[in-house]
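Visitor: I'd like to learn how to read a model like this one, feature by feature. Could we start with the overall picture and then move on to the domains and the ligand?

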Amino acid sequence: MSNKFKVLLVDLTQKKASIQYFDRKNNWLGGSGLAAGLFAQFADFKADPFDPCQPLILAIGPLTGYFPMMSKTVLGFLSPYHGQYAETHAGGRSALSLRFTGYDAIVIKGRASQLSCLAISSKNIELIPTPYLHKLDVFRTGKLLRKIFPEHSGHRSILRIGPAGENLANFALINVDTYRHFGRLGSGAIMGAKNLKGIVLAGDGRLPLEPTQTREYTAIYDEIFRIITRTRAVHKYHDLGTAQNLIPLNELQALPWRNLQETTDPKVQNISGETFAEKLLLRQTACAHCPVGCIHIGLLREKFGPEHEFLYRQVAYDYEPIFAVGSMLGMTQENHVLTLLEDVERVGLDVISTGVALAWATEALQKGVITLKQTLVPLKFGELAPYRQAISHLAFKKNDFYAHLAQGTLKAAQKFGGEDFACVLGQEMAGYATGEAYFVSQALGFRHSHLDSGAYSFDQKENSKNISRAINFMLDQERYRCLLNSMVGCLFGRKAYSVENICKALNSLGYSFTKEQLEEIAQNIQASRWALKIKTGFNPDQVKIPKRYLEVKNWKGKIDADFLYQLKKAYAQEIKKLGQNPG
Ligand code: SF4
């Protein structure tokens with residue numbers, strides 16, 4: 001264990017790179033804490049997110065490479081979606097490849113003079129002009145990058161953007177190793193603004209094994225591995241995967257359908273995890289160093305000729321993507337959902353934001369708020385063909401309407417009308433109409449993600465309208481997740497990685513923490529992230545929750561507006577308190 005963070009600084013404008021060492025401050029830990037610390041150091045708080053001076057930061061944690069499910073990389077950036085500090089996480093091979101380059105983090109600033117790819121290994125850093133990749137889709141870009149950088153296959157991670165990122169769509173994502181993503185809040189557009197089509201992390205270095213030659217390491221590794229592989233803790237993620245949530249949420253009347261106009265539909269069976277598994281599932285795969293394998297790959301068979309001519313494609317699916325381009329768009333055929341997932345993937349858009357944006361556009365068209373002249377295609381819930389075209393229009397900003405929609409659903413609704421039914425909670429909603437705690441949690445949460453605190457489970461497990469219980473749940477969960485995200489562990493591994501086990505794992509590698517110290521550090525990271533978000537413009541008092549959410553009726557009855565607003569006010573106060581006292 002080194003007592004310094006080794007950080008690679010890349011300046012694309014100057015075509016220069018350097019290595020800088022930072023003291024291993026406790027409050028940085030790694031991952032989420034490290035990215036926030038580096039952002040505070042390198043960001044320009046007055047400049048626009050697309051300004052070349054803004055950093056794109058990749059960070060891994062102290063357990064990466066040493067423990068299972070420590071398979072994620074944190075990416076910190078100033079989001080073009082809302083102009084605030086944001087974080088997104090991805091797996092694939094990214095974390096292990098970065099570990100094997102020998103860096104704890106990479107900070108990329110500047111703008112390449114032409115469309116380029118950045119290749120980083122333990123020995124070299126190259127910026128290679130790739131103008132011929134201009135506007136190429138994610139799949140073809142991946143294929144070509146594998147040919148351009150043939151070395152270190154299996155130890156190499158390929159990050160790339162599609163046309164949506166190059167066109168600066170505010171919810172363009174970065175595709176990682178084909179089936180994983182740095183999704184949500186527009187990191188793909190930041191790469192586009194830097195003229196960076198791809199980043200190749202060639203993990204060609206070595207991982208020091210000395211720290212693992214102790215009894216303590218073996219004992220805690222075995223214990224964590226036992227929980228992951230020999231108990232039911234993560235079993236569901238491998239079997240049906242998160243797609244198994246479709247039916248239970250539909251039964252609770254908590255699955256958003258047709259732009260959240262309904263919350264249940266008997267046709268859910270057609271797009272359930274069970275149906276996907278029986279009809280489409282080809283295989284499960286995993287991020288590097290994860291024994292779970294929760295990534296479900298479906299086989300898409302597409303007829304392309306008048307006779308019996310078919311194309312076969314492998315498309316990843318999960319609960320959130322099925323909700324976004326399935327139930328939210330009224331799609332009730334599993335292969336149609338897979339087709340839309342493939343279309344969204346190809347252009348490099350975030351699937352949740354895309355589905356929710358198109359659901360709003362569909363209702364707006366039905367209500368006459370916008371016209372066919374604007375949508376160019378007759379969007380209709382349940383109709384595949386218009387959505388396929390609309391996805392491309394959105395990625396390429398085909399006209400003024402799609403250019404506005406690509407900025408975010410609420411921004412489009414503010415311009416064209418229909419704010420009341422824009423399903424936006426800080427960003428386009430995730431698939432949980434579970435109630436007040438979830439709506440407040442996503443609207444105000446740090447990443448505006450269902451994974452900030454998992455408040456949908458508070459709605460489901462607690463039949464309580466106790467404000468302080470709800471707030472404590474959200475803050476405690478968020479604080480614990482700050483710790484796990486600083487390692488950087490997969491959030492599906494929560495049962496294996498209690499604070500005690502994280503503490504034992506760190507100490508087995510030569511660190512020296514108590515559980516109480518880790519809890520304090522997690523709180524400091526939580527506070528410094530809030531401070532950054534507030535410093536970059538977030539005001540929790542100004543967050544609005546659209547009227548559509550007050551109309552939701554689920555298994556508990558109608559949404560309680562008084563409870564929702566009291567909860568929102570109380571959570572906003574806590575956020576401001578935390579943000580004023582960064583660690
Ligand atoms: S559980 Fe799934 S997302 Fe998490 S690390 Fe494993 S394969 Fe990746």
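Visitor: What share of the 583 residues is buried?

Guide: Bear in mind that this is a predicted model. Counting a residue as buried when 20 or more other C-beta atoms lie within 10 Å of its own, you get 57% of the 583 residues.

Visitor: And how many helices and strands are there?

Guide: The protein has 22 helices and 19 strands. Its radius of gyration is 22 Å, close to the 25 Å from the globule rule for 583 residues, so the protein is as compact as a globular protein of that length. Its C-alpha atoms fill a box of roughly 65 × 55 × 50 Å along the principal axes.

Visitor: Which domains does the assignment give?

Guide: Domain 1 covers 4-207, domain 2 covers 238-397, and domain 3 is made of 434-494 + 514-580. The centres of domain 1 and domain 3 are 27 Å apart, over C-alpha atoms. To their contact, domain 1 brings 32 residues and domain 3 brings 21.

Visitor: Which element gives the most to domain 1's side of that contact?

Guide: Helix 1, with six residues. That side of domain 1 splits into 15 nonpolar, 14 polar and three charged residues.

Visitor: Why does the ligand lie between domain 1 and domain 2?

Guide: Look at who supplies the shell: both domain 1 and domain 2 give residues to it, so the ligand lies between them. In total 13 residues surround the ligand, with Cys287, Cys290, Val292, Cys294 and Cys490 the closest. By type, the shell has ten nonpolar residues, three polar and no charged.

Conventions:
Residues numbered from 1 in each chain as written. Predicted model: local features only at pLDDT ≥ 70, side-chain atom pairs only at ≥ 80, totals over all residues. Near = placed C-beta within 6 Å. Nonpolar A, V, L, I, M, F, W, Y, C, P; charged D, E, K, R; others polar. Domains from an automatic or database assignment. Contact = placed C-beta atoms within 7 Å. Helix = DSSP H or I, 4+ residues; strand = E, 2+ residues; numbered from the N terminus. Rg over C-alpha atoms; globule rule 2.2 N^0.38 Å. Buried ≥ 20, exposed ≤ 12 C-beta atoms within 10 Å, placed from the backbone.
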